[in-house]
Amino acid sequence: MIEVENLTKRYGRTTAVDGVSFRVQKGEILGFLGPNGAGKTTTMRILTCYLPPTEGTARVAGYDVFEAPLEVKKRVGYIPETPPLYPDMAVDDFLDFCAKIKGLPAASRQGKIDEAVGKTKIGDVRGKLIGRLSKGYRQRVGLAQAILANPDVLILDEPTAGLDPKQIIETRELIKSLGGDHTIVLSTHILPEVSMTCGRVVIINKGKVVAEDTPANLTRRLRGAGALRVDVRGDAAAAAEAVRAVAGVVAVRSRSESSEATTLEVEAEAGRDVRAQIARAVVGHGLDLLALQQVGMSLY
Amino acid sequence: MTALRNVGAIVEKEWRHYFGSPIAYVALMVWTLLFGIFFYFAFSLFLRQSMMAAQQMEFGGGPKMSLNEWLIRPVMHNMAVVALFVAPMLTMRLFAEEKRQGTIELLATAPITDLQIVLGKFLAAVGLYGLMILAGLLNLALVWHYASTPPEWKPVVSGALALLLFGSCFLALGVFVSTLTRNQIVAGILSFCLFLGVWTLGWADDPSAGPMMKALAYLGVTTHMEDLVKGVVDLKDVVFYLSFIVFGLFLAHQSVQSQRWRA
C-alpha cells in the first residue's frame, strides 16, 4: 500500500530524513518509533503530500506523492501532531467542512459524519465549539476528521500525545479496530504503545532507519541489553559490591541514596537474564531487596 | 464541478469565521455608519446649494443641480477611502491564522488544489465586501423615495461596480500579504501600507508629468475609478481592475506553493 524508497528531505543544510526506505502492506499497522526530531513527522508530511521530498520516491496506493498528489490525498487520512482544528467552529460544522473538501458526495456526507462521530465517541459534544473542548476530545475530533472519508491509508502523528491514561487506552483500541480495513502508519516515542497496537515497527533515528521488525522481536532484543533497577535497604556500598560480583553484570551505578533505601542501576550482558542471581546475591549479603524492575523497555 | 464545490466549501467556511467572530459585524457597522455620515453631509450640502441655486434661478441663472453629481458621486469617492481601511480587516487573517493554528496542514493535505484555496478565500472576502456595499446603497433608496426627480440609476450601478472592483484589488493583494506571515497584525499593517502605496501612485497623474510618471499613474487604482463613478463604463478600466486582481491572486498562489518547498 505504501512504498517508500530512499526518501531524503533536507532543510537547507540540515538533513531531516536520510535515505529512508520501507513498505507497508494493505491492512497492516506500522509503528514509526524514534526520539523527537528523528524525522518521523517529516516522513509523514511527505507521505501526505504536505512537503515534497528532496530525493527518493514515496508511493501511496500506487500513486506517487509528487506526480499525483491529489490522488494520494484522496486516499489518505492524516492527523498531525497537534490536530488541525478551528476553535471557533462547532464540531458538526467542522466535520461538514472536512467532508466537503475531502470530496464526499452530498448524499452520503451526513451518513459518513455520523459514522465517524460514532467510532470516535464524540456524539455528546457535536454541537459544541471546538475551542471549548478538552484536549482528549480535540484529539478525537481530529481522528474523526481523518477517518471521515474512509481512506485506504491513515497516517497518525503521535495520536496519543497529551491524553490521559484512559483516553490513551481508548485511542489505542480505536486504532486497533481500524486496522484491517485501513492501512495505518502511526508515530510515537513510546515503545509499549507500538507493541500494543502495531504489527511491525520501523525505528528511525537522526533521519535513518535503524531497525525494522515485529514489536515482539524488538522487545526481546532490547530486553537483553536492558537495565535493571534494584532498590535495596541497607549498606549501599556493600549492596553495589554484591551485585557487581554477580556473573553477567556489566556495570552498576548507585543512583539515589537516602538513609532508607538505595537505588542501583544495573546493566547486564546482552541476552542474559540476571534477575534471579541479583535477588539471591542481595538477600545472601543480609540486605533487604525492596524492588527489582526492568527498565530497559524504552529506547533511550 | 468538483473544483467549484471545493471553492464553495472554502467560501462557506470563511463566512462562518467572519460571522462567527466580530469581524463581519465590525466591518459592516463601520462601513454603513460612515456611508450614512458621508451621505448625510453630502445631502445637507446639496440642499443648501440647491436652495441658493433656486434663488439664482429667479434671476434667470444657474443650471439644475444633479443628485448624481452632488450627492452620489462624492459619497462613492469617500467610500473608496473607507475601503482602504476596511480591506485589511477582511484579508489579514485569511492565511496568517491558518498558519498560526496549523490548520493550513488540513487544507494542504485535503484533495483540493492551492488555487482553489486561494480563490475560495478571496471570493469569501469579496462576498462580504459586496454585502457591505449593498448595505450602504440602502441609504440611496431614500433618495428615490423622496426626490421629485429621482437620480439616474445607471451611474449608481457603475459606481457600485467601481467600488467593488477597486476594493477587490485590495482584497486580492491582501490575500497575498496574508500568505507571507503567520501573524495577522503584521499582515494587516503590511497590507494597509501596500494599499496606501498603490493608492498614492494615482497622484502621479499630472498633465506635465513625464512618460515614467504617466505609466506609474496608470497603475494607480484610483485613476480608473473616475469614469466608472461618473457612469461611464469603459472596458479599459474594467480590464485594468480585473488584471490587477488576477495579478494579486497569482502572487498569492505562487506564495502558497513556494512555501511548501521552503518549509
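## Close-up views of a predicted two-chain model

**View 1. Four strands of chain A form an open sheet with the order β2-β1-β4-β5 and antiparallel pairing.** β2 (14-24) and β5 (63-64) of chain A stand at the edges with a single partner strand each, so one side of each has no neighbour in the sheet. Strands pair if DSSP finds at least two bridges between them. Helices (H or I, at least four residues) and strands (E, at least two) are DSSP runs, numbered from the N terminus. This is a predicted model: local features need pLDDT of at least 70, side-chain atom pairs count only at pLDDT 80 or more, and totals for chains, interfaces and linings use all residues. Residues are numbered from 1 along each chain as its sequence is written, while chains are lettered from A and ligands numbered from 1 in the order in which they are written.

**View 2. Strand β4 (residues 55-60) of chain A pairs with β5(A).** The pairing is antiparallel, over two bridges. Arg59(A) stands opposite Asp64(A), a residue of β5(A).

**View 3. Helix α1 (residues 40-47) of chain A lies across β1 (2-11), β2 and β4 of chain A.** The helix runs at about 120° to β1(A). Axes are lines fitted to C-alpha atoms, for helices over the stretch in contact (C-beta atoms, placed from the backbone, within 7 Å). Angles run from 0 to 180 degrees between N-to-C directions.

Notes
Two residues are in contact if their C-beta atoms, placed from the backbone, lie within 7 Å.
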